[in-house]
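Take a look at the chain below. Then read on for a short report.

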Amino acid sequence: MPRPSVGKLLQVVAIGHGVIGAVQYRDTLAGMVRGGLVATVPERGDRAAAFWFMTAAPALWMGGRLLRSAEEHGDLAAQRATGATLLAVGALGAAAMPKGGFPALAGLGGVLLRRAWRPALGAQQLRDAAPAVRAWRERAANDTEELTDTFGEDIA
């Protein structure tokens, strides 16, 4: 059974975050819409909390989509960076707000880091690469013979 994509799981978290925010802040969001939405968010208060809670959902979804691309293309560096970020934000967020959803981010970050630190090549990939490595060695041996013929033993 294939492992689930951490990027897809992060997108699920994003959708859940948006749904929870829409329900939890429905009255506040409705008041913002009734107020015309433009310039309805102060720096502090319920409206600010609702705004920042809701803006996290599309940012999480986008991060999940970019992570899916990194997973599909084997970009381990991007996966490690994302995993470390999710783990750090999740751990700090869980410490500051234990009843929030931050443990989910920490968990996804941990899984992603574990996967991204796997060996770069698996056994099947090494077997698949063997013919190319043998051909490269043969070409290198031929190059050595040619250099020896041209410049003598000392150069090769």
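The report covers the model, its fold, its shape and its surface.

## The model and its confidence

This is a predicted model: local features need pLDDT of at least 70, side-chain atom pairs count only at pLDDT 80 or more, and totals for chains, interfaces and linings use all residues. Residues are numbered from 1 along each chain as its sequence is written, and side-chain values use heavy atoms, leaving out hydrogens and water.

pLDDT is the predictor's confidence in each residue, from 0 to 100. The chain has a mean pLDDT of 86. In 90% of its residues the value is 70 or more. Helix H1 (residues 6-24) has the highest mean among the elements, 94. Helix H6 (residues 123-151) has the lowest, 74. Where pLDDT is low, the predicted coordinates should not be read in detail.

## Fold

The chain has six helices and zero strands. Helices (H or I, at least four residues) and strands (E, at least two) are DSSP runs, numbered from the N terminus. Along the sequence the pattern is α-α-α-α-α-α.

## Shape

The C-alpha atoms fill a box of roughly 85 × 35 × 25 Å along the principal axes. Of the 156 residues, 23% are buried, meaning under 20% relative accessible area with a 1.4 Å probe, protein chains only.

## Contacts and surface

Contact means heavy atoms within 4.5 Å. Take contacts between residues at least 6 apart in sequence: 60% of them join residues at least 24 apart.

The chain exposes about 10,800 Å², by the Shrake-Rupley method with a 1.4 Å probe. Carbon and sulfur atoms supply 64% of that area.

Notes:
Buried means under 20% relative accessible area, exposed over 50%, partly exposed in between (1.4 Å probe, protein chains only).
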